[in-house]
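This report describes a predicted model. It takes up the nonpolar cores, then the sheet, and finally a loop residue.

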Amino acid sequence: MQNILLTMRDNLDSLTSSERKVANYIIDHPQEIVTMSAQDLGKICGSSSSAVIRLVKALDFSGFTEFKVQLSGQIGHLGQQPLTDISEFETVSEIKDKLAMNLNHFLSTNNAKISEELIQKVVEELNQAKIIFVYGIGASHIVAKDIQQKFTRLGKQVICSLDHHELVAAISLQGKEALFVGISASGETSEVIYLLELAKTCGLRTLALTEDTENRLCEKADIALKTAKTDLVILRSGATLSIINHLYVIGIIYYSYLTLNYDENIEILMKTRQATDSLRDFY
């Protein structure tokens, strides 16, 4: 079940001005809504009852009554502060609950937004590529290294480096049998865009991994993979949520890739596990 308040917060930019007034009021005063009619709510927030109905319909509710019933139930579980921004002097328990709620919301959103067909398309690109270049800076580099670690252990040649000169030289020697994966939550990181453009110029296939926004990286890539948008959440500080979003989607891609040639890939994983386990004797 969708988290109603978080879903509205995430989609404020896509609402009309009258619907946005209603959504903002609900977000700020969720406890008050359950006793109101659509007419009362429209009037108190300077909008209209028709805007209220349009908003709840957009959230896939049959009407305002159903919306209030589900909202009331969620408020009961979430307490007096149903949104997830961290406040001063919060306890560890409160931080845990808020972070868990945000993660559940974004993972559910990813499941709903990312199509099976798109995942299969990405898997096919990875399968066909003889060499994979992965690049991201800052927090996105963590995701890039995760891709390298996962697919290297499946026998793929994966290059992940923060050295621009090294990547430019290596990419320039490749062609259509190589794949470049550019990672940027905003999709506007200039270094990632530059390397993706270079890869396209050299004939490589390109994949962009960003959040769900209109951005230059996705516009330029052959395939655009977008995860749930987290930029409205203060908790995103340190990119915690966007990293986990991206790692979750990479996990789906990884296991989908694994099933292509299941027995062969399991055998490869066993070999790499045995090799790494042998390090125990060395130490």
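Leaving aside residues up to four places away in sequence, Leu126 is in contact with Ile132, Phe151, Lys156, Leu179, Ile253 and Tyr257. Leu126 also belongs to the largest nonpolar core, which has 31 residues, and is listed with Val134, Phe151, Val181, Ile183, Leu225 and Ile253 as the members that touch the most others. Two or more residues of this core come from each of helix H8 (116-128), S1, H9, S2, S3, strand S4 (205-211), S5 and helix H13 (240-258), and H13 makes the greatest contribution, with 7 residues.

Another core, of 25 residues, lies apart from this one and includes Ile4, Leu12, Ile26 and Ile33.

## The parallel sheet

An open sheet is formed by 5 strands with parallel pairing, in the order S2-S1-S3-S4-S5. Because strand S2 (157-160) and strand S5 (223-227) stand at the edges with a single partner strand each, one side of each has no neighbour in the sheet. On average, and with direction ignored, neighbouring strands are turned by 20° against each other.

Within this sheet, strand S1 (residues 131-135) pairs with strand S3 (residues 178-183) in the parallel sense over 5 bridges, and Val134 stands opposite Val181 in S3. Helix H10 (residues 164-172) packs on the sheet, where it touches S1, S2 and S3, and its direction makes about 150° with that of S1.

## A loop residue

Gly155 is located in the loop between helix H9 (139-152) and S2, and counts as exposed because its relative accessibility is 59%. Between the C-alpha atoms of Gly155 and Leu107, which are 48 residues apart along the chain, the separation is 29 Å.

Technical notes
Residues are numbered from 1 along each chain as its sequence is written. This is a predicted model: local features need pLDDT of at least 70, side-chain atom pairs count only at pLDDT 80 or more; totals for chains, interfaces and linings use all residues. Side-chain values use heavy atoms; hydrogens and water are left out. Two strands pair if DSSP finds at least two bridges between them. Helices (H or I, at least four residues) and strands (E, at least two) are DSSP runs, numbered from the N terminus. Axes are lines fitted to C-alpha atoms, for helices over the stretch in contact, and angles run from 0 to 180 degrees between N-to-C directions. Contact means heavy atoms within 4.5 Å. Buried means under 20% relative accessible area, exposed over 50%, partly exposed in between (1.4 Å probe, protein chains only). A nonpolar core is a set of buried Ala, Val, Leu, Ile, Met, Phe, Trp, Tyr and Cys residues joined through side-chain atoms within 4.5 Å.
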